Amino acid sequence: MRCCINPSILSADFVNLQAELDRIAAADAVHVDVMDNHFVPNLTLGLPVASRIQAVSPIPLDAHLMIEDPDRWAPGFADAGLASVTFHAEAATAPIKLARELRARGAKAGLALRPATPVEPYLDLLHEFDMILVMTVEPGFGGQSFLDVTLPKIRRARAAIDGSGAAVQLQVDGGVTEETIVRAAEAGANVFVAGSSVYGAEDPERAITRLREIAESVWAGARS
């Protein structure tokens, strides 16, 4: 299982978004944070903008829906051609049904958990998802510090994924830096959302490469 770096455009310059996408062409995917000012106290962008980003992005889109009623709205992002659509367990009414619908429409299905949401209720459902996203900050704002209290949950999720044999990615989102990616990778994450540590760097492409190298080195050491 390879390590992936998915920069969040929440930290990008929205006035020059196409140019900002080109700056992270070395990444594995673009992490698109969709916030509705209801599920989280912030408002970002919706399906029309995500669709335009999809049309011009040099790499696949990884949508993170921090919204109410994803059962209604998430399928539209799959229909728009996004590679991966992740919705929150706390907001979904029928997560299995929704995940199956996303897959049927051609997108990978991800399940996101807030820092305080336990992973255990979802471990028997791993085969229904392509990715589990453990939030390592409270969702809603960029630039927050990594919450180390989430590391045990990441470890439990990794152990369950490995034990199940399911081909499930384990993503972390929030406060990912060259320092914290070490702890997250040691705990078992293999997909890393990085916002300010990429877009705040003088050379975003070099920052992406460096984060990937660190994560892959940790993975190689942990499994040798």
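Helices (H or I, at least four residues) and strands (E, at least two) are DSSP runs, numbered from the N terminus. By that definition, the secondary structure of this chain consists of eight helices and eight strands. The radius of gyration, taken over C-alpha atoms, is judged here against a globule rule of 2.2 Å times the number of residues to the power 0.38. For the chain it is 16 Å, close to the 17 Å that the rule gives for 224 residues, so the chain is as compact as a globular protein of that length.

**Basis of the model**
- The model is predicted: local features need pLDDT of at least 70, side-chain atom pairs count only at pLDDT 80 or more, and totals for chains, interfaces and linings use all residues.
- Residues are numbered from 1 along each chain as its sequence is written, and side-chain values use heavy atoms, with hydrogens and water left out.

**Overall fold**
- The C-alpha trace spans about 45 × 45 × 30 Å along its principal axes.
- Contact means heavy atoms within 4.5 Å; among contacts between residues at least 6 apart in sequence, 64% join residues at least 24 apart.

**Burial and cores**
- Of the 224 residues, 53% count as buried, that is, under 20% relative accessible area with a 1.4 Å probe, protein chains only.
- A nonpolar core is a set of buried Ala, Val, Leu, Ile, Met, Phe, Trp, Tyr and Cys residues joined through side-chain atoms within 4.5 Å.
- The largest such core has 66 residues, and I9, I132 and F192 have the most contacts inside it.
- Helix α8 (residues 204–222) supplies the largest share of this core, six residues.
- A second, separate core of five residues includes F39, V40, M66 and A91.

Definitions and conventions:
Buried < 20%, exposed > 50% of the residue type's maximum accessible area, 1.4 Å probe, protein only.
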